[in-house]
Amino acid sequence: MQATFEKNIAIVCNPLAGAGRAVFLAEKIVGELSKQIISHTLFNESWPNTLENFTDVFIVGGDGTLNYFINQYPGIELPLVIFNGGTGNDFHWLLYGNKTFDEQFQTALNTNTKPIDMGRCNDRNFINGVGIGFEGGVAKALTGKKKRPGKTSFLITILKKIFMYRSNNYCIKSGEGTLTGKKLLIDICNGKRAGGGFYIAPEAKADDGLFDIIIVDALGPLRRLQYLSLIEKGKHLNLPFVHHFHTGKIIIESDKPAQYHLDGEYFEAQKLEIKILPDALNFRF
């Protein structure tokens with residue numbers, strides 16, 4: 001789809017994201033579009049039921065905002081752009097790296113779309129990843145709390161949980177085989193990183209039609225602490241207690257309700273059926 005200046009852009013903003021950063025960015029986007037006399041509408045508190053009258057959508061917020069968007073507008077085919085108005089912004093980083101606002105704004109206006117995969121977990125969509133077990137416990141502890149920018153809040157909560165978390169027993173089935181037993185964490189990754197900068201799946205690609213699966217066997221608290229920095233830096237894939245493979249579909253059952261997150265949003269379930277939806281979304285990046 002070719003970029004064009006005959007646009008009508010919907011700006012959907014999460015006013016709670018990033019402790020006000022999302023609102024600031026949305027106003028900045030409005031100012032730039034107004035300067036260039038590009039038609040646009042800003043939606044803050046209430047988003048529209050449909051976006052069919054628009055040519056592009058600019059999403060302002062973090063991974064949680066993006067997760068809400070793809071569930072609010074399933075099947076959307078419009079060109080999308082995500083601006084880093086949240087605290088973690090892991091999927092934004094995957095697409096735009098360390099581009100400045102001005103660089104990303106020009107990309108948003110002038111770059112062709114590229115397809116990006118999306119995931120489906122039970123009855124909800126996700127785009128960056130699913131974290132089951134220890135990460136789910138961290139997500140639960142962070143729910144409703146004011147988060148600091150980057151990975152600070154995530155890291156503080158990990159250090160609190162690292163001595164208390166108890167691993168579930170799982171049965172994990174995919175085309176690659178079956179794994180059973182106690183697991184510390186199970187990550188189904190479309191993006192490379194989570195938690196504001198933890199490189200959980202450093203080799204993941206969001207456009208290859210496959211998830212990167214990272215499974216860590218149950219570890220005692222001291223070993224969790226010992227290997228935390230390696231996981232943070234993405235240097236854990238060859239450790240003997242880490243299982244890493246690729247698949248487009250995976251089924252996970254737990255002996256008791258498992259704590260998990262979708263793009264940082266907390267849920268619980270005893271069975272998760274997860275599949276890839278290749279080329280489901282169109283982003284300008």
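Tutor: Gladly! Keep in mind that this is a predicted model. Let us begin with the lining of the largest pocket: helix H2 (63–72), helix H5 (134–142), helix H6 (152–161) and strand S13 (265–284) each give at least two residues to it. H2 has the largest share, with six residues.

Student: What is the volume of the largest pocket, and which residues are closest to its centre?

Tutor: The volume is about 1100 Å³. The lining has 45 residues, and Gly64, Thr65, Thr87, Lys147 and Glu265 are the closest to the centre.

Student: How many lining residues of the largest pocket are nonpolar, polar and charged?

Tutor: The lining has 13 nonpolar, 21 polar and eleven charged residues. Asp, Glu, Lys and Arg are counted as charged.

Student: Why is the contact between Glu268 and Lys140 called a salt bridge?

Tutor: The limit is 4 Å between a side-chain nitrogen of Lys or Arg and a carboxyl oxygen of Asp or Glu. The closest N and O atoms of Glu268 and Lys140 are 3.9 Å apart, so the pair qualifies.

Student: What makes Glu268 and Lys140 partly exposed?

Tutor: Partly exposed covers the range between buried, under 20%, and exposed, over 50%. Glu268 has 44% relative accessibility and Lys140 has 42%, so both fall in between.

Student: How do you know that Lys35 is exposed?

Tutor: Its relative accessible area is 66%, and exposed means over 50%, so Lys35 counts as exposed. The side chain of Lys35 also meets that of Glu32 in a salt bridge, at 3.6 Å from N to O. Because Lys35 and Glu32 are three residues apart in helix H1 (residues 21–35), about one helical turn separates them.

Student: How many salt bridges does the structure hold, and which residues are linked in a network?

Tutor: The structure holds seven salt bridges. Lys7, Asp56 and Arg284 are linked in a network of them.

Technical notes: Residues numbered from 1 in each chain as written. Predicted model: local features only at pLDDT ≥ 70, side-chain atom pairs only at ≥ 80, totals over all residues. Heavy atoms only, no water. 1 Å grid on protein atoms, 1.4 Å probe; cavity = no way out; pocket = protein on both sides within 12 Å on 5 of 7 lines; lining within 4 Å. Points joined across faces, edges and corners; volume = space filled by probe spheres on them. Helix = DSSP H or I, 4+ residues; strand = E, 2+ residues; numbered from the N terminus. Buried < 20%, exposed > 50% of the residue type's maximum accessible area, 1.4 Å probe, protein only.
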